[in-house]
Amino acid sequence: MLERLFSLQAMHTNVRTEVIAGLTTFVTMVYIVFVNPAMLAEAGMDHGAAFVATCIAAAIGCFIMGLWANYPLALAPGMGLNAFFTYGVVLGMGYTWQSALGAVFMSGCLFLFLSVFKVREWVIQAIPIVLKRAIAAGIGAFLALIALKNAKIVVASDATLVQLGDITSPGPLLAIASFFVIAALMYREVKSGVLISILMVTGIAWGLGLVDYHGVVDMPPSIAPTYMQLDLSGIFELSMLSVVFAFLFVDLFDTSGTLVAVTQKAGLSDEHGRMPRLGRALSADSTATIAGSVLGTSTTTSYIESVSGVSVGGRTGLTAVVVGICFLLMMFFAPLAQMVPAYATAGAILYVSVLMLQNLKLINWDEMSDAIPVSVVLLMTPLTFSIAHGIALGFISYTAVKVACNKANEVSISVWVLTLLFIVKFAFG
């Protein structure tokens, strides 16, 4: 049966290798079951329900990716997108979390439409690569600010807007230690470095009496507080349409970049970089997002951590199926997830931000018509505390600078259209 489903022999792999690859991928990305519920709880969502929704949405995405697309690519609610959900849409723009889930649902439907009708390829090719890299780096900077804020390393100031917090108190110290532990473990290629760091800091915090022990294993919490709670009533408002577009846009390019990286690492793409069953892979991503919004979690997307499983031999969808099974089993570890303090996950968020900021090395900084819009996105995304505003200002500045530098021919029609839409959004709110 497994041979029929996954073509193991044709891919020069076996069940044992695929299981090991799945377990490897899982331990590198399981940190999301600690980080995501904590972040969504700040938006007012029930922590236990968000935890279960995170596990189930991840499992659904992995099963569809593995059984239908036959790719060793794991999915889960995405870092960056969950930050935009909580800090951008709910706390920043004042929408309810139910409305934010509605925006996630609509973005998933649009993503599925773009995937089925192959519009995605046109959109991706039409957006300049420099803006794609700028957006990834801007989200990285945004995540860094969130991590520093959650750990109270950076705090608010009436005089200077922000200032250094009391880094001698236990929370900030443990967050800093967590980040350096992750750095040391990742340098030594310890695949589960992020998870080890989170558990280590949580254990120390418990030993110091900073968190309460709730146990390790128990029956999963009820998903009722978030299940089918999405609100679709305001998705056609202009401001909410920009939110839907932001969810869609970030997920679109994040998924595409991850697919390219993982398939190239696994040797699944041809000499021209074309990927087989691409439509199925993209449909898996969008379907998981739709299911996740119904369950009660932010956008579900492909994880670059899948490369870790590929690096130990994962070549088929069986790897993704193993990851999905592991996420379902994680639902019984909810008491452990509830013990994890914000500063324990801050190091993980900061580490992810560093990975995303690496996109800056690919920018041609000597070309000012590229450097300026990149800088705008990089600075304005964290400073406005909004991925949507960072993207919008990036498009506007890209078009304006190219025109000012007599390079208007480099601005595609789609970029012109998006720029005008963003201008209208700012002009009319």
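In the predicted model, helix α14 covers residues 317–330. The helix contains 14 residues, and the distance from its first C-alpha to its last is 20 Å. This span is close to the 20 Å expected at 1.5 Å a residue. Of the 14 residues of α14, 11 are buried, so the helix is largely enclosed by the rest of the structure. The buried positions are G317, L318, T319, A320, V321, V322, V323, G324, C326, F327 and M330. Several elements take part in covering these buried residues, including the helices α1 (2–6), α2 (15–29), α3 (32–41) and α4 (47–69). Strand β1 (75–77) and helix α15 (334–339) are also included in this cover.

S293 is placed in helix α12, which runs over residues 278–295. Its relative accessibility is 0%, so S293 counts as buried. When neighbours within four places in sequence are left aside, S293 is in contact with L101, V104, F105 and L230. A371 belongs to helix α17. This residue is buried as well, because its relative accessible area of 4% falls under the 20% limit for burial. A371 and A134 are 237 residues apart in sequence, yet their C-alpha atoms are 9.4 Å apart in space.

The structure holds 3 salt bridges. One of them joins K407 and E367, with 2.9 Å between the closest N and O atoms. This pair links distant parts of the chain, the two residues being 40 residues apart. K407 is in the loop between α18 and α19, whereas E367 is in the loop between α16 (342–357) and α17 (368–383). Both ends of the pair are partly exposed: K407 has a relative accessible area of 22%, and E367 has one of 23%.

A salt bridge is also formed by the side chains of D370 and K402, with an N to O distance of 3.1 Å. D370 lies in helix α17 and K402 in helix α18, so this pair ties together parts that are 32 residues apart in sequence. D370 counts as buried at a relative accessibility of 17%. K402 is buried too, with a relative accessible area of 1%. The side chain of K402 also meets that of E410 in a salt bridge, at 2.8 Å from N to O. E410 is partly exposed, with a relative accessible area of 40%.

A search of the whole structure finds 1 cavity of 30 Å³ or more. The largest cavity holds about 40 Å³ of space. Its lining is made up of S242, F245, A246, A388, I391, A392, F422 and K425. Three helices each supply at least two residues of this lining, namely α11 (238–266), α18 (387–404) and α19 (413–428). Sorted by class, the lining of the largest cavity has 6 nonpolar residues, 1 polar residue and 1 charged residue.

The elements that give two or more residues to the lining are helix α8 (129–150), strands β2 (154–157) and β3 (161–164), and helix α17. By class, the lining of the second largest pocket has 10 nonpolar residues, 1 polar residue and 1 charged residue.

Definitions and conventions:
Residues are numbered from 1 along each chain as its sequence is written. This is a predicted model: local features need pLDDT of at least 70, side-chain atom pairs count only at pLDDT 80 or more; totals for chains, interfaces and linings use all residues. Side-chain values use heavy atoms; hydrogens and water are left out. On a 1 Å grid over the protein atoms alone, a cavity is a set of points where a 1.4 Å probe fits but cannot get out, and a pocket is an open set with protein on both sides within 12 Å along at least five of seven lines; lining residues have an atom within 4 Å of a point. Grid points are joined across faces, edges and corners, and a volume is the space filled by probe spheres set on the points. Helices (H or I, at least four residues) and strands (E, at least two) are DSSP runs, numbered from the N terminus. Ala, Val, Leu, Ile, Met, Phe, Trp, Tyr, Cys and Pro count as nonpolar, Asp, Glu, Lys and Arg as charged, and the others, Gly among them, as polar. The expected span of a helix is 1.5 Å times one less than its number of residues. Buried means under 20% relative accessible area, exposed over 50%, partly exposed in between (1.4 Å probe, protein chains only). Contact means heavy atoms within 4.5 Å. A salt bridge is a side-chain nitrogen of Lys or Arg within 4 Å of a carboxyl oxygen of Asp or Glu.
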